[in-house]
Amino acid sequence: MSAKRAAICAVAQLPFEKAIWHKRIQEMCFDVVEPVLEQTGVKFCKKPGDGGIRSIVTVSDDVFDARTISNNAIQDAVGAHNRGEDKVAMDGINAIAYAVSCILSGHDDLILLVGHCKESQAESRNMCTNLAFDPFYLRPLGLDFETLNALQARDYMAKSGVTDEHLAKVVVRSRRNAAKNPVANARDEVTMEEVMNSPMAYDPLRELHIYPQSDGAIAMLIAGEDRVKEFTGKPVWVSGFGNCMDSYFPGDKDLASNFPLKKAAKLAYRMAGVTDPAKEFDFAELNDAAAYQLPMWAEGVGLCADGAGGEWIDGGGMEKMNVNPSGGMLAGNPIMLGGLARAAELVIQLRGDAGERQVAGARRGVANGTTGAAGQLQSVLVLENDRAGR
Amino acid sequence: MNQDKGEKYKDAYVVDGKLALPYQYFAGTVGSKFLIALRDKREILGVRCDTCGKVYVPPRQVCEKDFEDLGDKWVMLGNTGVVTNFTIVHKDDKHRPRKAPYILAMIKLDGADTAIPHVLEMVQPENVEIGMEVKAVFSSEPTNTILDIDHFEPVL
């Protein structure tokens, strides 16, 4: 029998670091699976119908892992031996949608989600993301996610009145919030001057405007409505999801148009019954791989008027809307887990477990994740707790 | 690398490895015609969608919006165009085509509706402007890729 809705019952994150050199990818996964088992008391299925975990959804990338079918190598650590396993090789926020689809369709009523990514293994993460591009027309020119993001930054900043100073404000605030987030990578505070004097990496992006190299892992337990009470008294309901893809060739599209995020948000909000995002969300987690993306994604998910990103920052929009209490992706999450880490922060906040960075009375939040450079695929997730009153 | 993880890791290995696997990619019939014209005639070709009118370069078989077959809808483009966007790459990396700093620009060729990325030379980074007119400078040695255009430079 299929459930009418599904909830995230537990989350665990391995603290994000520049290089978790001393753990293999298997150990990174195991170190987040174990706390989820401990928090919920859930067991792995031994025989059909015993109520244990029978389906696992993993998130990983073959090039970052330097092995193909990278999920096969971690089957023991995620409990997949003799059980079902599917891999999502996209931003892990999409794996939540996949898990929920499994539950709502009646395929299973309990999903263990495990994502990992170790950016430090490759000599350069930009050499990895260069391989995302076409081998004839784009790859030979050295395109990678950081350089293409820089091109999007120039277009977006011109459109929305976002300046070097605005980007510095985003970075300073990210670090300040991250200092209160025990799993964040970049937790050292920086000043406006330090950001504005940071070396140019790819005009208009400075080194401090770009998220730092990061390793980490995240696990979640997701259950159908009928089973949630077995695992938690603080379920976080998945009430909306949508995604939308933009063109592959960067020269085909208006990099500043934001339409994939707007469409993804529209789909998610229709499912969640959200009509006025600027009023109905208590907080948001936006997947800012570079500083300009925070206001750009804020426009896309409807927290800020289109083309008004600069004014929105000046008017205290980031604080009023409680955007990125975790520090955001700018504080350091590996690329495959950017949106999944945003979702993890929504869960922690909605469970009231965020400690000194807790958003008081949080009931409903929105997160986005991006797959590919310059937000080629945008995914939007709406989560809420029982206080949201549905 | 931070080795400060205590006694447990004093003999821990981080082993060097490498992925290096030669491939052969089929350029496609449309891509092959584009690359041959570029290499042998120094001509840059695009394709036009008759439904939306958009001229694509690099060319492709199908319009992503209208699903029109564009395989025989060839259009000759100019070797000149304008800069629509750019970044100055200040960081070296092995996959990059030049030593830093260099200019990576988006260039809309005359007759095209899409832009292509390429290296822009013969102009100081501080003097690059959106709208600047540029021309293709072809490679002296064939590469069978987009690098048969060696770079773009300003039209003087």
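The buried residues of helix 1 of chain A are A:I25, A:M28, A:C29, A:F30, A:V32, A:V33 and A:V36, a residue being buried if 20 or more other C-beta atoms, placed from the backbone, lie within 10 Å of its own. The model is predicted, local features need pLDDT of at least 70, side-chain atom pairs count only at pLDDT 80 or more, and totals for chains, interfaces and linings use all residues. Residues are numbered from 1 along each chain as its sequence is written, and chains are lettered from A and ligands numbered from 1 in the order in which they are written.

Helices (H or I, at least four residues) and strands (E, at least two) are DSSP runs, numbered from the N terminus. The cover over the buried residues of helix 1 of chain A includes strand 1 (6-13), helix 2 (62-65), strand 4 (110-118) and strand 7 (215-224) of chain A. Helix 1 of chain A holds 16 residues (25-40), and its end C-alpha atoms are 24 Å apart, which agrees with the 22 Å it should span at 1.5 Å a residue; the expected span is 1.5 Å times one less than the number of residues. Just after this helix, A:G41 takes a positive phi of about 75°.

Leaving aside residues up to four places away in sequence, A:L113 touches A:V57, A:A95, A:I96, A:A99, A:A219, A:M220 and A:I222, where contact requires C-beta atoms, placed from the backbone, within 7 Å.

Chain A has 13 helices and eleven strands. Its radius of gyration is 20 Å, close to the 21 Å that the globule rule gives for 390 residues, so chain A is as compact as a globular protein of that length; the radius is taken over C-alpha atoms, and the rule is 2.2 Å times the number of residues to the power 0.38. Of the 390 residues of chain A, 61% count as buried. Among contacts in chain A with a separation of 6 or more, 77% involve residues 24 or more positions apart.

Strand 10 (residues 364-371) of chain A has eight of its eight residues buried. One side carries A:R364, A:V366, A:N368 and A:T370, and the other A:G365, A:A367, A:G369 and A:T371. Two strands pair if DSSP finds at least two bridges between them. Strand 9 (residues 283-285) of chain A runs parallel to strand 10 of chain A, with three bridges, whereas eight bridges join strand 10 of chain A to the antiparallel strand 11 (residues 377-384) of chain A. A:V366 is the bridge partner of A:A284 and stands opposite A:V382 in strand 11 of chain A. The hairpin of strands 10 and 11 of chain A has five residues between the strands, and A:G372 there takes a positive phi near 95°.

The contact between the chains takes 36 residues from chain B and 32 residues from chain A. On the side of chain B that touches chain A, the largest share, five residues, comes from strand 6 of chain B.

Terms used: Buried ≥ 20, exposed ≤ 12 C-beta atoms within 10 Å, placed from the backbone. Contact = placed C-beta atoms within 7 Å.
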